[in-house]
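Please open the structure in your viewer and keep the selection panel at hand.

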There are 2 protein chains.
Amino acid sequence: MSGGVEWALHCCVVLTSVEEPASAARLAQLHDVSPSYLAKQLQALSRAGLVRSIQGKSGGYVLTRSPALITVLDVVEAVDGPGPAFVCTEIRQRGPMATPPQSCTAPCAISRAMAVAEAAWRDALRSVSVADLARDVGSDYGPGALAGMGKWLSAGEAPLDLRRLDRGPVQAEHKLITTAEEEE
Amino acid sequence: MSGGVEWALHCCVVLTSVEEPASAARLAQLHDVSPSYLAKQLQALSRAGLVRSIQGKSGGYVLTRSPALITVLDVVEAVDGPGPAFVCTEIRQRGPMATPPQSCTAPCAISRAMAVAEAAWRDALRSVSVADLARDVGSDYGPGALAGMGKWLSAGEAPLDLRRLDRGPVQAEHKLITTAEEEE
DNA sequence: ACTTACTCGGACATTTGTTATCCGAGATAA
DNA sequence: TTATCTCGGATAACAAATGTCCGAGTAAGT
């Protein structure tokens with residue numbers, strides 16, 4: 001599974017608590033991840049119609065609909081692709097003992113078992129919405145945690161330049177806690 | 001998901017209908033797949049303890065236990081690795097708004113949702129055994145189909161050399177049905 | 001209305017994992 | 001005893017994911 005899924009999900013959760021657009025660069029430095037690559041994931045979300053991109057000086061990304069209507073499966077499919085993880089190669093139709101094609105109208109037993117398992121996986125992901133995730137974050141770390149992130153995102157005091165940010169002190173030496181005034 | 005899982009599952013199913021060891025080379029040419037690479041998958045099954053390897057002149061692979069006690073999940077984990085597909089990077093502990101470590105004893109909401117989904121996936125795969133697959137094959141293509149493959153495997157008339165087989169006419173031009181007498 | 005600066009979007013390298021291959025160690029049958 | 005067939009791990013070729021860069025476009029400020 002693609003690792004960018006995690007980033008995209010975190011972004012969707014924090015986008016829950018902002019009304020103004022949040023830029024990719026700011027989201028990247030909030031999570032301390034590669035800005036250029038996070039931009040790629042956000043583009044995928046935009047292509048899937050989950051977020052709306054706003055260009056211009058104070059542009060960024062906004063959710064297109066209520067967080068309750070965006071499932072985790074939507075995000076996963078947007079980033080990792082909608083196709084199933086297991087693809088049947090139809091090797092039953094190959095080799096000396098090949099099954100004749102007229103007997104292969106239905107998928108084989110192996111393919112069926114895999115499909116059932118993936119369906120269960122998708123159902124589980126579909127039953128959780130971004131709103132659910134946001135609520136869990138609130139009950140885990142307190143109601144102010146998520147709001148604080150939204151406020152930090154909206155506090156666009158220092159404009160960000162993506163080109164400079166890429167080689168910045170991001171993830172310099174695994175320091176987990178950094179002061180917010182370092183850019184002043 | 002690794003494509004070799006499909007090969008390994010097919011091999012386990014056909015191993016259901018043989019008592020004598022089946023060599024990797026013969027299994028490969030039965031399914032018309034790369035012999036060298038199939039050998040790798042069978043080694044993984046051997047390492048996981050699902051099949052037993054027998055060396056020597058008439059050696060090969062045999063299932064270690066009853067097919068009813070080998071689940072599809074066992075095979076998938078043996079080939080693709082037992083680790084979960086989604087790994088949490090703990091990005092909640094990074095960036096300016098990092099969550100303090102003492103608040104991160106339990107996994108985050110995103111990680112939990114993913115874990116639940118993967119558990120459902122694994123449960124579905126665990127509920128299907130190789131014996132179930134073999135039975136389904138019987139009811140799909142008739143009881144003789146699987147027995148025929150077992151018989152073909154045991155009919156070791158012409159010894160096989162893996163080195164020659166790799167550049168052989170395997171998958172030469174997508175011909176699906178080949179005669180069994182071509183090697184005579 | 002123009003300029004400017006900031007935004008997204010897609011095209012371009014690099015790294016990791018999968019796919020495929022080869023040759024050596026070991027054991028069995030003759 | 002010998003020779004041959006077997007598995008097993010170490011070794012390349014390929015693909016996909018990861019990470020990076022610059023150009024097109026738009027909103028704000030002058």
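Axes here are lines fitted to C-alpha atoms, for helices over the stretch in contact, and angles run from 0 to 180 degrees between N-to-C directions. Helices (H or I, at least four residues) and strands (E, at least two) are DSSP runs, numbered from the N terminus. This is a predicted model, in which local features need pLDDT of at least 70 and side-chain atom pairs count only at pLDDT 80 or more, while totals for chains, interfaces and linings use all residues; side-chain values use heavy atoms, with hydrogens and water left out. Residues are numbered from 1 along each chain as its sequence is written, and chains are lettered from A and ligands numbered from 1 in the order in which they are written.

**First stop: helices α1 and α2 of chain B**

Select residues 4-15 of chain B, which form helix α1, together with helix α2. Their axes come within 11 Å and cross at roughly 105°. That makes α1(B) roughly perpendicular to α2(B) (angles under 35 degrees count as roughly parallel, over 145 as roughly antiparallel, 65 to 115 as roughly perpendicular and the rest as oblique). The contact (heavy atoms within 4.5 Å) is made by His10(B), Cys11(B) and Val14(B) on the α1(B) side and by Leu27(B), Leu30(B) and His31(B) on the α2(B) side. By class, four of these residues are nonpolar, two are polar and none is charged; Ala, Val, Leu, Ile, Met, Phe, Trp, Tyr, Cys and Pro count as nonpolar, Asp, Glu, Lys and Arg as charged, and the others, Gly among them, as polar.

How many of its residues are buried? Eight of its eight residues are buried, and the helix is mostly covered (buried means under 20% relative accessible area, exposed over 50%, partly exposed in between, with a 1.4 Å probe and protein chains only). Among them are Arg26(B), Gln29(B) and His31(B).

At 13% relative accessibility, Asp32(B) counts as buried.

**Second stop: helices α3 and α4 of chain B**

Select residues 35-47 and 72-80 of chain B, which are helices α3 and α4. Their axes come within 8 Å and cross at roughly 115°; α3(B) and α4(B) are therefore roughly perpendicular to each other. Gln41(B), Ala44(B) and Leu45(B) of α3(B) make the contact with Val75(B), Ala78(B) and Val79(B) of α4(B). Five of the contact residues are nonpolar, one is polar and none is charged.

Is Glu90(B) buried or partly exposed? Glu90(B) is partly exposed, with a relative accessible area of 24%.

Thr99(B) is found in the loop between α4 and α5 of chain B. Thr99(B) is buried, with a relative accessible area of 10%. Not counting residues up to four places away in sequence, Thr99(B) touches Arg92(B), Gln93(B) and Cys104(B), as well as Tyr141(A).

**Fourth stop: where the chains meet**

Select helix α6 of chain A, residues 130-141, and α5(B). They pack at an angle of about 125°, with their axes 9 Å apart, and are therefore oblique to each other. Leu133(A), Asp136(A) and Asp140(A) in α6(A) meet Ala109(B), Ile110(B), Arg112(B) and Ala113(B) in α5(B). This contact has four nonpolar, no polar and three charged residues.

Next, display both chains. Chain A can be laid on chain B with an RMSD of 0.0 Å by a turn of 180° and a shift of 0.0 Å along the axis. That is the relation of a two-fold axis; copies are superposed by least squares on the C-alpha atoms of residues with pLDDT of at least 70 in both. Of the residues of chain A, Trp121(A) comes closest to the rotation axis, at 2.5 Å (C-alpha).

**Last stop: Val62 of chain A**

Select Val62(A), in strand β2 (residues 60-63) of chain A. Val62(A) is buried, with a relative accessible area of 17%. Leaving aside neighbours within four places in sequence, its contacts include Glu19(A), Pro21(A) and Leu50(A).
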